[in-house]
Amino acid sequence: MDENKETNNQELTGYTVAEGHKSGYVTMVGRPNVGKSTLLNAFMQQKIAIVTPRPQTTRVRQLGIITTPTYQIVFMDTPGMMKPRHKLDEFMVETAVETLDDADVILWLVDSSSKPGPGDKAIAKQLAPFAAGNHVILCMNKADLLKAEDVLPRSEAYRALLPDAKWILFSATKDAGRDELLGMIVESLKEGPRFYPDDQVTDIYMRDITSELIREQVMLQLREEIPYSIAVQVDEYSERPDETVYIHATIYVERDNHKGILIGAKGAQLRKIGAAARKEIEELAEAKVFLELQVKVEPKWRQDARALKRLGYSHE
Ligand SMILES: Nc1nc2c(ncn2[C@@H]2O[C@H](COP(=O)(O)OP(=O)(O)O)[C@@H](O)[C@H]2O)c(=O)[nH]1
Ligand SMILES: [Mg+2]
C-alpha cells in the first residue's frame, strides 16, 4: 500500500490501520433456511441474528463486524431469497438483493443436504454477473448431513449452477470448515480502511434485538401461519436506576383467532413466550429484565405499506 492511500483511508474513516490492512463488506445470500444466520452467529461467536428451524426467520439486514489487527469484515446477514407473496416478502427479497451491489464478497449459501432446486437456479442466474468478477463464494452448508456417496455428485450439481464461483463444502456448525471459509473470505478482500471502531460488533441496538428475540420465541413455539404473520414492536425499553430493565412490547397479529392462540388459555401461551424471551434478553443485556407483552390485531399488516413502515420493514 502506498503512503497516499493510507492517508486517504484515514481521512475517509478516521481510524488508523497498519500497512496492508484489508477490509470489505461480505453479504450472505441464499434461499430461506440454508443457514445464513447460523453462520453469522458462529463467525461472531455471539447471537446477532435469530435462528429457528423455520424458513423466513430473518426479515431485515443484520450486520456483524469482525475486526482483527490485519482486517475488518462487515458481514451482512439477509432474508432468504424466494418468490414474494405479499409486500413483506417483497421488502425482504429487496433487502437481500440490495446488498449484492454493496458487497465486496458475496457468500452464496446453499443447503448441500438437498438437491439444487428451482429457487437455487434462479439465485444463481442473479449472481452470475458478480461471479464473473470473481466476487462470489458458493458456500455449500450442512455438509454434516450429507452422505459420503453424495458428496461428489451433490457438490458438482451446485457448482454447475455457477461455474465461475469459488466454492467450499462445510458446516456452519463445525469449527474446521468455518475457519477455512473465513480464510477464503480474507483472501478475497482488498486492501482498505476500517469502517467501524474496533469494538463495534453490530449496528443493531438492544431495542431491535429485543423485538427479534420475542419474535424468535413466537416462531419456535407456534405453528403454521401465525409465526409468519406476526410483528413485534418494542414500545418501551428503559434501564432503571436499580440496573434492571423494563420492556413493554406489542405483538401484532393479523386475525382475532391468532390473538387467541397467541395468548392461550388463561394467558399461558403468552407467558411461556415471555418467559423464554426474557431469559434470552437477560443474557444479552446482562441485567434483570421485566418484560410485559400485549397482543393487538392489525388486519393484513403484511400488505399495508404504512404498517410495514411503522414496524421497520421499509427501505425509505
Ligand atoms: N445440521 C446442520 N444444520 C444447520 C447448519 N447450519 C444451519 N443449520 C440449521 O438450519 C436451520 C436454519 O438456519 P438459519 O441460520 O436460520 O437459516 P437462514 O434462514 O438461512 O438464516 C436451523 O435449524 C439451523 O440450526 C449446519 O451446518 N448443519
Ligand atoms: Mg436467517
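Modeller: Happy to! Ligand 1 is surrounded by 17 residues, and the closest are Asn33, Gly35, Lys36, Thr38 and Asp144. Please keep in mind that this is a predicted model. If you ask which element gives the largest share of the shell around ligand 1, look at α2, which supplies three residues. As for the place itself, ligand 1 sits in the second largest pocket.

A backbone N or O atom of Gly35 lies 2.9 Å from an oxygen atom of ligand 1. Ser37 also takes part through its backbone: one of its polar backbone atoms is 3.0 Å from an oxygen atom of the ligand. With Thr173 we turn to a side chain, as a polar side-chain atom there lies 3.4 Å from an oxygen atom of ligand 1. On its own, ligand 1 has 580 Å² of accessible area, and the protein covers 84% of it.

Ser37 leads us on to another residue, Ala49. You will find Ala49 in the loop between α2 (36–44) and β2 (62–67). Leaving aside neighbours within four places in sequence, Ala49 is in contact with Ser37, Leu40, Asn41, Gln62 and Asp77. Is Ala49 buried or exposed? Ala49 counts as buried, because its relative accessibility is 0%, and the cut-off for buried is under 20%. For a sense of distance along this stretch, Ala49 and Val60 are 11 residues apart in sequence, while their C-alpha atoms are 9.7 Å apart in space.

Methods
Residues are numbered from 1 along each chain as its sequence is written. Chains are lettered from A and ligands numbered from 1 in the order in which they are written. This is a predicted model: local features need pLDDT of at least 70, side-chain atom pairs count only at pLDDT 80 or more; totals for chains, interfaces and linings use all residues. Side-chain values use heavy atoms; hydrogens and water are left out. Helices (H or I, at least four residues) and strands (E, at least two) are DSSP runs, numbered from the N terminus. Buried means under 20% relative accessible area, exposed over 50%, partly exposed in between (1.4 Å probe, protein chains only). Contact means heavy atoms within 4.5 Å. A residue is near a molecule or strand if one of its heavy atoms lies within 4 Å of it. A polar contact is a pair of N or O atoms within 3.5 Å; within protein, one must be able to donate a hydrogen and the other to accept it, and residues adjacent in sequence count only if both atoms are side-chain atoms. Accessible areas come from the Shrake-Rupley method with a 1.4 Å probe; for residues, only the protein chains shown count as cover. On a 1 Å grid over the protein atoms alone, a cavity is a set of points where a 1.4 Å probe fits but cannot get out, and a pocket is an open set with protein on both sides within 12 Å along at least five of seven lines; lining residues have an atom within 4 Å of a point. A molecule sits in a cavity or pocket if more than half of its atoms lie within 2 Å of its grid points.
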